[in-house]
Amino acid sequence: AERIEKPISRSMFTAIATHSLPVFVWILLAVFSLGALVSFVERRKRSHLFATRTDLAAIRELDWRQFEILIGEAFRQQGYRVTEAGLGGRDGGVDLVLHRDGKNTLVQCKHWRNRQTSVATVSEMFGLLQHHGADAVNIICTGTFSNDARLFAVGKPIALFRGDKLGDPI
């Protein structure tokens with residue numbers, strides 16, 4: 001009886017491997033192809049958003065999620081690898097993490113049309129910088145920064161930007 005089981009189990013395995021493996025490979029190929037297509041379409045949408053939102057008025061028309069996506073794409077265009085932390089849930093104060101040259105920069109995006117970003121926000125981000133062991137913090141807003149916020153950032157690895165002037169800290 002033992003001698004019969006081994007050949008039968010071997011032939012069953014061979015039959016399964018011969019007939020199922022090609023199907024499995026095609027399913028895997030389809031899944032990865034679909035993932036690549038979704039990634040390509042998403043990348044094109046981000047590039048289009050970046051290309052069409054060039055002034056502050058157009059940027060202020062975006063919702064907060066689009067604003068974060070736009071800022072992430074702007075940093076990608078500058079050669080950063082970007083991790084989107086805040087899209088889709090609680091972010092603990094960090095919307096994006098920028099990676100370049102072995103350094104990590106935390107980013108907070110404030111999409112407030114007519115509101116000042118306060119010293120409390122800047123102070124909180126400085127605390128997060130220390131907590132996460134990051135190298136710097138960028139805070140980007142569509143409004144303005146209070147004088148206290150600007151003063152707090154002086155001498156610290158904190159850069160304050162208006163949403164349409166990412167190459168030019170305030």
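In what order do the elements of the chain run, from the N terminus on? They go α-α-α-β-β-β-β-α-β-β-α-β. That gives 5 helices and 7 strands. Keep in mind that this is a predicted model.

Some totals next. The chain has 170 residues, and 34% of them count as buried. Its accessible surface is about 10,800 Å², with 57% of that belonging to carbon and sulfur atoms. If you take contacts between residues at least 6 apart in sequence, 50% join residues at least 24 apart.

Now look at strand β2, residues 96-100. This strand is mostly covered, with 4 of its 5 residues buried. β2 pairs with β1, residues 81-84, in the antiparallel sense over 4 bridges. Arg81 has His99 in β2 as its bridge partner. β2 is also joined to β3, residues 103-110, by 5 bridges, again antiparallel. There, Val97 is bridged to Leu106 in β3. β2 and β3 make a hairpin with 2 residues between them, and in the turn Asp101 has a positive phi of about 55°.

Leu106 comes up again in the largest nonpolar core. That core has 17 residues, and Leu106 is among those that touch the most other members, along with Val122, Met125, Val137, Ile139, Ile158 and Leu160. The elements giving two or more residues to this core are α4 (119-132), β5 (136-141), α5 (147-153) and β7 (158-162). Helix α4 provides the largest share, 5 residues. A second, separate core holds 15 residues, including Leu62, Phe75, Val82 and Phe161.

That's what I have for today.

Key: Residues are numbered from 1 along each chain as its sequence is written. This is a predicted model: local features need pLDDT of at least 70, side-chain atom pairs count only at pLDDT 80 or more; totals for chains, interfaces and linings use all residues. Side-chain values use heavy atoms; hydrogens and water are left out. A nonpolar core is a set of buried Ala, Val, Leu, Ile, Met, Phe, Trp, Tyr and Cys residues joined through side-chain atoms within 4.5 Å. Buried means under 20% relative accessible area, exposed over 50%, partly exposed in between (1.4 Å probe, protein chains only). Contact means heavy atoms within 4.5 Å. Accessible areas come from the Shrake-Rupley method with a 1.4 Å probe; for residues, only the protein chains shown count as cover. Two strands pair if DSSP finds at least two bridges between them.
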